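Here's a quick briefing to read alongside the structure. Have the viewer open and follow along.

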Amino acid sequence: MDQDWADPDASPALFNPGKLDCRQWAAAARSAHMSYGCLTTKHHSGFCIWDTKTTDYNVMNSPLKRDVVKEYTDAFRAAGLKVCLYYSILDTQSPVAAGFYYAQTCRK
């Protein structure tokens, strides 16, 4: 989404990267002489890019239906790169965060 604060009510159907290729990411990282990569597994919108049972707001309910975190870790490890993962503890889809989310968007 083209927003600083993604809509927590957005449909998982919006996540559909048709050319997603984690092996290509790993090859690009190696060619840039990187030693590791860091993947955002869940940003503050609450959308998870791995197969999880904790929420339906995840990649398995998107058109992609693939565990991106697994593909990423497998590809980077196979290329000899260290794997780092980022997981936002803020989740604007959670009712607890609703006040925070709306306070941020109403300031604009």
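Let's start with a cysteine: Cys38 sits out in the open, with a relative accessible area of 52%, which is over the 50% needed to call a residue exposed. Keep in mind that this is a predicted model.

**Cysteines**
- The disulfide count here comes to 0.
- Cys38 isn't in a disulfide, and its nearest cysteine sulfur belongs to Cys84, 5.4 Å away.
- Seen from the other end, Cys84 isn't in a disulfide either, with the sulfur of Cys38 as its nearest at 5.4 Å.
- Cys84 has 31% relative accessibility, so it goes down as partly exposed.

**Nonpolar core**
- The largest nonpolar core has 17 residues, and the members touching the most others are Cys22, Ile49, Val68 and Phe76.
- As a general point, nonpolar side chains in soluble globular proteins tend to be buried together.
- What does Ile49 touch, once residues up to four places away in sequence are set aside? Its contacts are Phe15, Leu39, Thr40, Thr41, Val59, Arg66, Asp67, Val68 and Val69.

**How α1 and α2 pack**
- The axes of these two helices come within 8 Å and cross at roughly 40 degrees.
- That angle makes α1 oblique to α2, because it falls between the under-35 range for roughly parallel and the 65 to 115 range for roughly perpendicular.
- As for handedness, the α1 and α2 crossing is right-handed.
- On the α1 side, the residues in contact are Cys22, Arg23, Trp25, Ala26 and Ala29.
- Their partners in α2 are Val68, Glu71, Tyr72, Ala75 and Phe76.
- Cys22, Val68 and Phe76 turn up in this helix pairing, and they're also among the core members that touch the most others.

**Thr73**
- Thr73 is part of helix α2.
- Is Thr73 buried or exposed? With 10% relative accessibility, Thr73 counts as buried, since the cut-off is under 20%.
- Beyond its neighbours within four places in sequence, Thr73 is in contact with Val83 and Leu85.
- Thr73 and Leu39 are 34 residues apart in sequence, and their C-alpha atoms are 9.1 Å apart in space.
- Leu39 is also one of the residues that Ile49 touches.

Technical notes:
Residues numbered from 1 in each chain as written. Predicted model: local features only at pLDDT ≥ 70, side-chain atom pairs only at ≥ 80, totals over all residues. Heavy atoms only, no water. Core = buried A, V, L, I, M, F, W, Y, C linked by side-chain atoms within 4.5 Å. Buried < 20%, exposed > 50% of the residue type's maximum accessible area, 1.4 Å probe, protein only. Contact = heavy atoms within 4.5 Å. Disulfide = S-S within 2.5 Å. Axes fitted to C-alpha atoms, helices over the stretch in contact; angles between N-to-C directions. Helix = DSSP H or I, 4+ residues; strand = E, 2+ residues; numbered from the N terminus. Parallel < 35°, antiparallel > 145°, perpendicular 65-115°, else oblique. Left-handed = near helix turned anticlockwise from the far one by under 90°.
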